[in-house]
Amino acid sequence: SRKAHWILIFNEVLHSDRLAAYAALLGQHSLQLEGVFRPRHAGCTVSTWTDVAHILIEFDSAKAANAAHKRAGYAEALAALNGGVVREFSIIEAAD
C-alpha cells in the first residue's frame, strides 16, 4: 500500500503553552501512533517543533494514519491543545 502523511499547518498560535503541551504529548505518544516524524529543520524533534509553521508525520498507509488519528494518545494531545492554535489538519495519501 502507499504511504500516507499527516500534514498539520499552524496558521496562528493563540496560546503557546497549549501548543507546547500538545507537542509534548504528541512526542510522548509518537510510538503508539506508529508514524515517523519528518522534520523540516535539522535537530527538530516531534516534541520540540513548536516554532515551525507545519509538520509532517509519515505512516505506512492511509489506514494507519486514520487509525492513529483515532487513538487515545492523540485525543489526549488534542485535549491539551484546546483551541490554542488556528490550524489545518489533513491526511494525504502518497502518489505512486
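Among contacts in the chain between residues at least 6 apart in sequence, 77% join residues at least 24 apart, a contact being a pair of heavy atoms within 4.5 Å. The model is predicted: local features need pLDDT of at least 70, side-chain atom pairs count only at pLDDT 80 or more, and totals for chains, interfaces and linings use all residues. Residues are numbered from 1 along each chain as its sequence is written, and side-chain values use heavy atoms, with hydrogens and water left out.

The chain contains 4 helices and 4 strands, arranged along the sequence in the pattern β-α-α-β-β-α-α-β. These elements are DSSP runs numbered from the N terminus, with helices (H or I) of at least four residues and strands (E) of at least two. Of the 96 residues, 32% count as buried; here buried means under 20% relative accessible area, exposed means over 50%, and partly exposed lies in between (1.4 Å probe, protein chains only). The accessible surface of the chain amounts to about 5500 Å², and 52% of this belongs to carbon and sulfur atoms. Such areas come from the Shrake-Rupley method with a 1.4 Å probe, and for residues only the protein chains shown count as cover.

The largest nonpolar core has 18 residues, of which Trp6, Leu8, Phe10, Tyr22, Leu26 and Tyr74 touch the most other members. A nonpolar core is a set of buried Ala, Val, Leu, Ile, Met, Phe, Trp, Tyr and Cys residues joined through side-chain atoms within 4.5 Å. At least two residues of this core are supplied by each of β1, α1 (16-28), β3 (54-59), α3 (62-69) and α4 (72-81).

An α-helix has 3.6 residues a turn, so residues three or four places apart point the same way. Just after α4, Asn82 takes a positive phi of about 40°, a positive value in a residue other than glycine. Asn82 belongs to the loop between α4 and β4 (85-93).

Which residues surround His5? His5 lies in strand β1 (residues 4-13) and is buried, at a relative accessible area of 16%. When its neighbours within four places in sequence are left aside, His5 is in contact with Leu56, Ile57, Glu58, Ser90, Ile91, Ile92 and Ala94. With Glu58 there is also a polar contact, side chain to side chain, at 3.2 Å. A polar contact is a pair of N or O atoms within 3.5 Å; within protein, one must be able to donate a hydrogen and the other to accept it, and residues adjacent in sequence count only if both atoms are side-chain atoms.

Val36, in strand β2 (residues 36-37), is partly exposed at 38% relative accessibility. Its contacts, neighbours within four places in sequence aside, are with Leu56, Ile57 and Glu58. Val36 and His5 are 31 residues apart in sequence and 9.1 Å apart in space, C-alpha to C-alpha.

The chain has 2 salt bridges, each defined as a side-chain nitrogen of Lys or Arg within 4 Å of a carboxyl oxygen of Asp or Glu. In one, Glu93 pairs with Arg2, with the closest N and O atoms 3.1 Å apart. Because Glu93 lies in strand β4 and Arg2 in the segment before β1, the pair ties together parts that are 91 residues apart in sequence. Both partners are partly exposed, Glu93 at 41% relative accessibility and Arg2 at 32%.

Another salt bridge joins the side chains of Lys3 and Asp60 (3.2 Å, N to O). Lys3 lies in the segment before β1 and Asp60 in the loop between β3 and α3, so this pair ties together parts that are 57 residues apart in sequence. Lys3 is partly exposed at 35% relative accessibility, whereas Asp60 is exposed at 54%.

Ser61 is also found in the loop between β3 and α3 and is buried, with a relative accessible area of 14%. The side chain of Ser61 reaches the backbone nitrogen of Ala64 at 3.1 Å. Not counting residues up to four places away in sequence, Ser61 touches Ser1, Arg2, Lys3 and Ala4.
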